[in-house]
Amino acid sequence: MKQVLVIGRPKPAAMVALDRLGVSVACHHLPLHAGQSVPGVDLQAAVSAIVNRHAIDAVVATSESTMAAAGFVRSLLGLPGLSFDQTL
């Protein structure tokens, strides 16, 4: 089963869609503060801790405000999708 890291609030419609796709959600609460446009070391540390427990296959942002963080994580882990630079 694919492991997806969801960044942002766990929106019911997004969780239902992932479930229908047969995707396991690894985590959906990371240290990204409201209004923070550039992900920081707290996010990097949290991602490292998650990657130590789960093999992450994809990263999903549940809102426009979390797209930069999702791009940062994709860039960090070398995953497909919008990179950090592309989200800016």
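Modeller: In α3, the buried residues are Ala68, Ala69, Ala70, Gly71, Phe72, Val73 and Arg74. Buried means under 20% relative accessible area, exposed means over 50%, and partly exposed lies in between, with a 1.4 Å probe and protein chains only. Helices (H or I, at least four residues) and strands (E, at least two) are DSSP runs, numbered from the N terminus. The model is predicted: local features need pLDDT of at least 70 and side-chain atom pairs count only at pLDDT 80 or more, while totals for chains, interfaces and linings use all residues. Residues are numbered from 1 along each chain as its sequence is written, and side-chain values use heavy atoms, with hydrogens and water left out.

A contact here means heavy atoms within 4.5 Å. Val73 is one of these buried residues, and its contacts include Leu5, Ile7, Leu43, Val47 and Val59, leaving out residues up to four places away in sequence.

Val73 also belongs to the largest nonpolar core, a set of 15 residues. Such a core consists of buried Ala, Val, Leu, Ile, Met, Phe, Trp, Tyr and Cys residues joined through side-chain atoms within 4.5 Å. Inside the core, the residues with the most contacts are Leu5, Ile7, Leu43, Ile56, Val59 and Val73. Two or more core residues come from each of β1, α2 and α3. The largest share, 5 residues, is that of α3.

Next, the aromatic rings. The whole structure holds 1 aromatic pair. Its rings belong to Phe72 and Phe84; their centres are 6.0 Å apart and their planes stand at 80°, so the pair is edge-to-face. Phe72 lies in helix α3 (residues 67-77) and Phe84 in helix α4 (residues 84-87), 12 residues apart, so that the pair links distant parts of the chain. Rings of Phe, Tyr and Trp (its six-membered ring) count as a pair if their centres lie within 6.5 Å; planes under 30 degrees apart are stacked, over 60 edge-to-face, and the rest tilted. Both Phe72 and Phe84 are buried. Just after α3, Gly78 has a positive phi of about 70°.

Leu43, Ala46, Val47 and Ile50 are buried in α2. They cover an arc of only 100° around the axis, which puts them on the same side of α2. The arc is taken from the directions from the helix axis to the C-beta atoms. On the other side of α2, Val41 and Asn52 are exposed.

Finally, the setting. The protein has 4 helices and 3 strands, in the order β-α-β-α-β-α-α along the sequence. Of its 88 residues, 35% count as buried. Of the contacts between residues at least 6 apart in sequence, 46% join residues at least 24 apart.
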